[in-house]
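Thank you all for coming. Please have a look at the sequence and the structure, and then I will walk you through a handful of places in it.

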Amino acid sequence: MENSHFSSSSSYSSSMEKVNFRTKVLSRHLNQENPTPINSILQSFPCLSYNPPEFSEPSSVFDIKEMRKLLDDHNLEDKDWLFGLMLQSNLFNTKVRGGKVFVCPDYNQSKEQQSEITMRRIECLLEHGVFKGWLTGNGPEDELRKLAFTDVVSIFDHSLSVKIGVHFFLWGGAIKFFGTQRHHDKWLRDTENYVVKGCFAMTELGHGSNVRGIETVTTYDSSTGEFVINTPCESAQKYWIGGAANHATHTVVFSQLHIDGKNQGVHAFIAQIRDANGNICPNIRIADCGHKIGLNGVDNGRIWFDNVRVPRENLLNSVADVSPDGKYLTAIKDPDQRFAAFMAPLTSGRVTIAVSATYSAKIGLATALRYSLTRRAFSVTPNGPEVLILDYPSHQRRLLPLLSKTYAMSFACNYLKKIYVKRTPEMNKVIHVISSAFKATASWHNMRTLQECREACGGQGLKTENRVGQLKGEFDVQSTFEGDNNVLMQQVSKALLGEYVTAKRSKKPFKGLGLEHMNKSRPVVPSQLTSSAMRQAQFQNDIFCLRERDLLECFAAEVSLCQSQGKSKEYAFTLNYQLAEDLGRAFSDRAVLHTFLEAEASVTSGPLKNILGLVRSMYALVTVDEDVAFLRYGYLSTDNAAMVRKEVAKLCSELRPHALSLVSSFGIPDAFLGPIAFNWVEANVWSSEQN
């Protein structure tokens, strides 16, 4: 009864306060002899004030600089130098909001303006030596420096990183890996210095992921020693070719090579599409692909080749060649192996996509979490103070698991970079499988994270200047370019099936792709989980390995059954696409967990190790909680699944005090986030509108 009386009194008091307030307002309105200027009213009755989370949040229990070293892994000084360079140049669109300087592309510009400013930014980076050694350097150190600068560029603007990536990783990479010494001598240094501007003409209107099916045709004219490249139909027009619409002078053209009436499969040729003055070359037609949902700083174009002639030397001939008299020459007789050799060097794109997707997720989380540490909403007691939105368990559940997954993807990307820069021909298959899995996983994770962060920022998440909402459009393309994510994950499952069949037929142990756990006895999940058990790395590893091995065995059995019924291996694979999807996800999750455990094992600091243990447990358990496969295939009982769900909520509350420290460890300078991440009140004051 006392509570009821208190509630009634409170309601009555509140009603009277509203009446008194309205009476005063009406009184001021009716007595206008000495009206108060509106600015005075605004200044006399301050509302909410911004308190930096650094002043109110607990001090970090771990070394933020050491955590940043662990996350960024390499070339931190190079990264910080490039961040500083961008901050000092007006080309990178510096602006002041709320007393702080920010850099962010102006997405209000037209597509044409965005394309031109992107090219000017490239010229600025070129002048400052950013691209030195990107193609002419040798060794892992040069490659890691290149990847470090690519990380920074992608944090600033995805269009800029894609435009640079097309020129260096695709055009330049094709010259370097598909070409031989004659191509290296002629093209690499000029590419590095932007004397030539390259693009990469693989995708067609009618074919994207299925490169084997492209329809562009090239024949050889032995009388002139030239190849003749032709677009035989509209579906063969090259489409989505970054750089082609405005700036590229040359392209690598992927085409079916016909010699003496026989199709020798897909090969790559160098063709000039513009002269030094920017004029389109004869027999070339180019059109813009049009406005896009994002990435409008990249001039994507369409190209038609009307019997374009190029010298015989323009065939990139590391895999196959054509003699002056028109004989086809190759050391790789099997067409499948030859095609695989052509595709192998293209993993660089998947590496950079996985990394840039992870940095994009970091921007979203740093922004949304900082905002949630200063924005208040509602109260949990009558007339009580408003509560920080990150103090609501539901808000923690929205963001903190995504934070843990972003940490996990950081370690996965660091591992991917290392094996990529130290690659050998024997590693091609491993890098292809892992880069495919991580590219799909990271880009899907990024899109989910950005959507959640956008919603977590409320209406402020819609503003372009706050970056989160805009990044969704800018990075959406990653789900389908450099390989559609679903297709890539199917390739992962196919590769795993191949490893399984080989191991069983040869009766040899599994080796590679992290499948060595298949040689051990089947892991056993406790019948009744406890909090301490769930947080053990052994349990987390066991349940991830159990899911992967069981799905691989099921997948192999189902494909084998279909084949025994007379169906082709490809058709059998297609029929079992659902198992393939689950298996691809299981492989990727387990591989990511292993990179996390390796990173954790490298740490000696106790506080750092403790927080990493919490983050890793969150990653593992939220993965178990969210993937229905653990229940679908019986790896968890319903009771244990409920225990996992409760533990995730518990981990959220334990990670809550470390949220600011964990996002500060990303090492992203304040200027590369949005105003909402800082003093969002000051950033929106009336005086800022007048300026």
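This is a predicted model: local features need pLDDT of at least 70, side-chain atom pairs count only at pLDDT 80 or more; totals for chains, interfaces and linings use all residues.

**A walk through the model**

Let me begin with Val-101, whose place is in strand β2, the stretch of residues 100-103. Val-101 has a relative accessible area of 40%, which makes it partly exposed, and together with Leu-87 and Val-96 it makes a nonpolar surface patch of about 240 Å².

From there I would like to move to a UniProt annotation. Which residues does the unreviewed entry cover with the annotation "binding site"? According to that record, they are Thr-203 and Gly-242. They span 40 residues in sequence, and yet no two of their C-alpha atoms are more than 10.5 Å apart, so they gather at one spot. From this set, Gly-242 is taken into the lining of the largest cavity.

If we take the two in turn, Thr-203 lies in the loop between β3, residues 198-201, and β4, residues 217-221, and with a relative accessible area of 26% it is partly exposed. Once its neighbours within four places in sequence are left aside, Thr-203 is in contact with Gly-208 and also with Gln-237, Lys-238, Tyr-239 and Ile-241. Gly-242, for its part, lies in strand β6, which runs over residues 238-242, and it is buried, with a relative accessible area of 10%. Not counting residues up to four places away in sequence, Gly-242 touches Val-166 and Cys-199, as well as Val-298, Asp-299 and Asn-300.

Is Glu-204 buried or exposed? At 3% relative accessibility, Glu-204 counts as buried, because the cut-off for that word is under 20%. With residues up to four places away in sequence not counted, Glu-204 touches a set of residues that includes Ile-214, Glu-215, Thr-216, Gln-237, Lys-238, Tyr-239 and Phe-254.

Let me turn now to charged side chains. Side chains of opposite charge can pair when their charged atoms come close. In this model there are 43 salt bridges, and I have picked three of them to describe.

In one of these, Lys-79 forms a salt bridge with Asp-72, and the closest N and O atoms are 3.7 Å apart. Lys-79 is buried, with a relative accessible area of 1%, and Asp-72 is buried as well, with a relative accessible area of 3%. Both belong to a network of salt bridges that links Arg-68, Asp-72, Lys-79, Asp-80, Asp-151 and Lys-417.

Another salt bridge brings together the side chains of Lys-111 and Asp-288, at 3.1 Å from N to O. This pair links distant parts of the chain, with Lys-111 in helix α6, residues 111-127, and Asp-288 in strand β9, residues 284-288, which puts them 177 residues apart. Lys-111 counts as buried at 14% relative accessibility, whereas Asp-288 counts as partly exposed at 31%.

The remaining example is the salt bridge in which the side chains of Asp-221 and Arg-309 meet, with 3.1 Å from N to O. Asp-221 lies in strand β4 and Arg-309 in strand β11, residues 308-311, so the pair ties together parts that are 88 residues apart in sequence. Here Asp-221 is buried, with a relative accessible area of 19%, while Arg-309 counts as partly exposed at 42% relative accessibility.

Next comes Ile-389, which is found in the loop between β15, residues 387-388, and α12, residues 393-421. How far apart in space are Ile-389 and Arg-376, C-alpha to C-alpha? They are 5.5 Å apart in space, and 13 residues apart in sequence. Ile-389 is buried, with a relative accessible area of 11%, and, leaving out residues up to four places away in sequence, it touches Ser-372, Arg-375, Arg-376, Ala-377, His-395 and Ala-456.

I will finish with a longer stretch of the chain. For the feature "domain: Acyl-CoA oxidase C-terminal", UniProt lists residues 550-674, again in an unreviewed entry.

Note on methods
Residues are numbered from 1 along each chain as its sequence is written. Side-chain values use heavy atoms; hydrogens and water are left out. Patches are made of residues with over 30% relative accessible area and no salt bridge: like charges are joined within 9 Å, nonpolar side chains (Val, Leu, Ile, Met, Phe, Trp, Tyr) within 5 Å. Accessible areas come from the Shrake-Rupley method with a 1.4 Å probe; for residues, only the protein chains shown count as cover. A salt bridge is a side-chain nitrogen of Lys or Arg within 4 Å of a carboxyl oxygen of Asp or Glu. Helices (H or I, at least four residues) and strands (E, at least two) are DSSP runs, numbered from the N terminus. Buried means under 20% relative accessible area, exposed over 50%, partly exposed in between (1.4 Å probe, protein chains only). UniProt positions are given in the numbering used here, feature names are shortened, and annotations may be inferred rather than shown by experiment. On a 1 Å grid over the protein atoms alone, a cavity is a set of points where a 1.4 Å probe fits but cannot get out, and a pocket is an open set with protein on both sides within 12 Å along at least five of seven lines; lining residues have an atom within 4 Å of a point. Contact means heavy atoms within 4.5 Å.
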